[in-house]
Structure formats: structure tokens, C-alpha cells
Amino acid sequence: MNIGLFGYGKMGKMIEQIALQRGHTIVAKVDVGTTDIPFDVMDVAIDFSTPDAAFDNITSCFNNKVPVISGTTGWLDRFDKAVAICKDKNSGFIYASNFSLGVNVFFELNAYLAKMMKGLDQYNVSLEEIHHTQKLDAPSGTAISLAEGIIANTDYAQWKLEENGEQIVPITSKREGAVPGTHTINYGSTVDDIEIKHTAHNREGFALGAVIAAEWIQGKTGVFSMKDVLNLT
């Protein structure tokens, strides 16, 4: 499989390493200032760029019939437009706020727990995410996905960063050292707490999941998620 990497920072380099280990070829490393992009030899693009660059990277690939795996967060105000372009160009697209296989299992666990907690008004939910100091967006895309999973299965109506209130899922974001990513969901009452937590030890899990998604999307058109890749639907 010929892979074009969009974004060649720490994640891009980790994806390159894992892709090569799995027998794939990196045919492009697109970063700030790259102008000559060989779309014609790409089987798939993997985008871990920046919020400002993601939309243009993704839609340029669609316009050149290249399916995209994207893990860039912070650009989702234009997600629906990207999806429309993907469908119009009959391309393929998987976006995930987190490609870690463990995190995607955690998403399902979170939704299941939320269903069980619905109606137990003595418990109040809260969400905390911790990442390295170089992470640009807050809250993390993973935290937003977790909050949306809670909202979809309970009477909570919205999430807010560093803010409590009626029907609000409060998210606390911390930036510390070189933490790859820790997400904790707590349901607290006066008598006990129920807590689930996912702790990433390094970036390798994120990169492996993205490469597995790239392998899975070969020969497919449409918009998918990691639920499809992992058969969690």
C-alpha cells in the first residue's frame, strides 16, 4: 500500500515507522510549505496535520480520488463540508478523534455506562483529560467524543470546558509534561464514585490504529468510523 503522510510531526513519524514495519511504502511526506504532492501514486492518505491545514489536505485528496484517514482535531466546524465533498467525489473517509484500538473500546464502554447511569440523579458526571504541553486544542477531540457519547445516552444536553451547570457535562483539560493522553470519566455521589479511565503509555497505539484503518478502507468508498473498522457496530 502506498501511503501519503499529511503532517510529519511526531505522529507522522510514528505512523511511518509502523507502516514500514507492516510492509507499506511512504510515497509522500507533506508538511508546511510542500507544493509538489504525488496524489497519482497514493493508495491512501493519512492526515495528522494541524487544524488550519486539515480541511484543505483532506479535500485535496478527495478531489484526486485518494481516500483519507484523518486524526487531526480542531477543524470539525468544516467536517460536514468535507463529508459532502467525499461523497461527491466518490472517495473514502475515516475520521476519528482517536485511532487507538483501546480508546475505541473505551468509547463503547463509556456509552454503555452512560446508559446504565441514566435516571440515577444522585450521580453527577465529570470528565478529565490530560495531555502533553504541545497539544494545541482543548478539550481534546477524544474528550469531546466521550462527552458526546454521554450526552447521546443520558439527559445531559451539552458539554462545557471548565464549567458546571444543569445538564452540562463538565470537562477539565490539563497540559502536563509529555503525557500522551489520559481520559477519566467519573460519576460521583455523596456515597460513592464510579470511575472509568483510559491511559495511553505512548503514541504507538494511535499510529497503529490509523494504519489499520488505512488498510481496511482499501477498495471502499463512503464515510466510515473506527466502529466499522473494528466491527463494533
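**A buried glutamate and the aromatic rings**

In this predicted model, Glu16 counts as buried because its relative accessible area is 13%, under the 20% cut-off. Glu16 belongs to helix α1, which spans residues 10-21. Its side chain makes a polar contact with the side chain of Lys29, at 2.9 Å. Once neighbours within four places in sequence are set aside, Glu16 is in contact with Leu5, Tyr8, Ile26 and Lys29.

The aromatic rings come next. The model has 8 aromatic pairs. One of them joins Phe6 and Phe39, which are stacked, with 6.3 Å centre to centre and 25° between the planes. This pair links distant parts of the chain: Phe6 is in strand β1 (residues 2-6), while Phe39 is in the loop between β2 (25-30) and β3 (44-47), 33 residues apart. Phe6 and Phe39 are both buried.

Another aromatic pair, Phe62 and Phe93, is edge-to-face, with 5.3 Å centre to centre and 75° between the planes. Here too the pair links distant parts of the chain, with Phe62 in helix α2 (residues 51-63) and Phe93 in strand β5 (residues 92-95), 31 residues apart. Phe62 and Phe93 are buried. Together with Trp75, Phe79 and Tyr95, they form one aromatic cluster.

Charged side chains also meet rings. The charged end of Arg78 sits over the ring of Phe55, 3.8 Å from the ring's centre. For Lys220, the charged end sits over the ring of Trp216, 4.3 Å from its centre.

Technical notes. Residues are numbered from 1 along each chain as its sequence is written. This is a predicted model: local features need pLDDT of at least 70, side-chain atom pairs count only at pLDDT 80 or more; totals for chains, interfaces and linings use all residues. Side-chain values use heavy atoms; hydrogens and water are left out. Helices (H or I, at least four residues) and strands (E, at least two) are DSSP runs, numbered from the N terminus. Buried means under 20% relative accessible area, exposed over 50%, partly exposed in between (1.4 Å probe, protein chains only). A polar contact is a pair of N or O atoms within 3.5 Å; within protein, one must be able to donate a hydrogen and the other to accept it, and residues adjacent in sequence count only if both atoms are side-chain atoms. Contact means heavy atoms within 4.5 Å. Rings of Phe, Tyr and Trp (its six-membered ring) pair if their centres lie within 6.5 Å; planes under 30 degrees apart count as stacked, over 60 as edge-to-face and the rest as tilted. A charge sits over a ring if NZ of Lys or CZ of Arg is within 6 Å of the ring centre and within 35 degrees of the ring normal.
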